[in-house]
Amino acid sequence: MEYISVTDAIEAPGLRLVLSAGVPGPWGESAKALLAYKGLEYQPVLQEGGGENAELRAWTGQTSAPVLVSDNLPAACHWLDLLMLLERLKPNPPLLPEDPMQRASAIGLCALIIGVDGFGWARRMSMIEPMMKLSPVPELALRMAHKYGYSSDAFATAPARMRLICDALEEHLSHQDGDYFFGARPGAVDFYWANFAGMIKPLAPALNPMPDWIRPIYTATDPEQQSCLLPALEAHRDMMYERHIATPLDF
């Protein structure tokens, strides 16, 4: 994927999506999948994962990715702001149900996957843990640990939190008539889960050509975490890539 710098992005027209370059981070990959489903084109903007990203902070007020910027609208840095901006820019096809109660339920399930203390947030604790055991601890690890609330307690309780969330997702999916979490077509929950499932079991190298050094980090080896990828949830992940998310991934 060809990226432009933050400096160039500030002056560029149209949609700009800030991404962590070179890795298939599920937050960024989800944003890319949602934009593709909407048929919206964008310019990728370079963010250094775990870096200081001073220019990005000056532009958007924070240092993380993904961030979606549309012309002169405020930067959408939070996952829900980004999702709602996409719905505003192109209402069809929708990513959330129209019925208010189903809509609230869908946003809630999204938060369990992508939000603070959600599935991805908990899984990230075990990704940070090995770096925190190094001596000295790398500056990048210290920065990430502070940013994402790492602690020995957060690491210890993460697998149980992940399993609770996956049980809830599987329970909801089992009560649907079709293949998706809501209705007869995919929505935000479907795209988020498909991408975040890769934090336990990444797609094969032919579909997800991630760098060799990062695949072990994304591959769960703890049996408690591996058990989170329930058969129905793994089948749903595979279906989403077969039908709706282009492969091989490009990052």
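User: Which residues does Y192 touch, leaving out those up to four places away in sequence?

Analyst: Y192 touches S30, L34, W79, L83, C110, I113 and I114, contact meaning heavy atoms within 4.5 Å. The model is predicted, so local features need pLDDT of at least 70 and side-chain atom pairs count only at pLDDT 80 or more, while totals for chains, interfaces and linings use all residues. Residues are numbered from 1 along each chain as its sequence is written, and side-chain values use heavy atoms, with hydrogens and water left out.

User: What makes a set of residues a nonpolar core, and which members of the largest one touch the most others?

Analyst: The members are buried Ala, Val, Leu, Ile, Met, Phe, Trp, Tyr and Cys residues joined through side-chain atoms within 4.5 Å. Buried means under 20% relative accessible area, exposed over 50%, and partly exposed in between (1.4 Å probe, protein chains only). In the largest core, of 69 residues, L68, F119, F181, Y192 and W193 touch the most other members. Helix α9 (residues 188–196) supplies the largest share of this core, seven residues. A separate second core has seven residues, including V6, A9, V18 and V67.

User: Why are β2 and β3 called edge strands?

Analyst: The open sheet has three strands in the order β2-β1-β3, with mixed pairing. β2 (43–47) and β3 (67–70) each have a single partner strand, so one side of each lacks a neighbour in the sheet. Neighbouring strands are turned by 25° against each other on average, direction ignored.

User: How do you know that β1 and β2 are paired?

Analyst: Pairing requires at least two bridges found by DSSP. Strand β1 (residues 15–20) and β2 have five bridges, in the parallel sense; therefore they meet the criterion. In β2, Q47 is the bridge partner of S20. The elements are DSSP runs numbered from the N terminus: helices (H or I, at least four residues) and strands (E, at least two).

User: What makes the unit of β1, α2 and β2 right-handed?

Analyst: The term applies if, with the strands pointing away from the viewer, the path from the first strand over the helix to the second runs clockwise. β1, α2 and β2 form a β-α-β unit of this hand. Helix α2 (residues 26–38) lies across β1 and β3.

User: Are N53 and D71 buried or partly exposed?

Analyst: N53 has a relative accessible area of 13%, which is under 20%, so N53 is buried. D71, at 47%, falls between 20% and 50% and therefore counts as partly exposed. N53 has a positive phi of about 50° although it is not a glycine, and D71 has one of about 45°, likewise without being a glycine. N53 lies in the loop between β2 and α3 (54–60), whereas D71 is in the loop between β3 and α4.

Technical notes:
Axes are lines fitted to C-alpha atoms, for helices over the stretch in contact, and angles run from 0 to 180 degrees between N-to-C directions.
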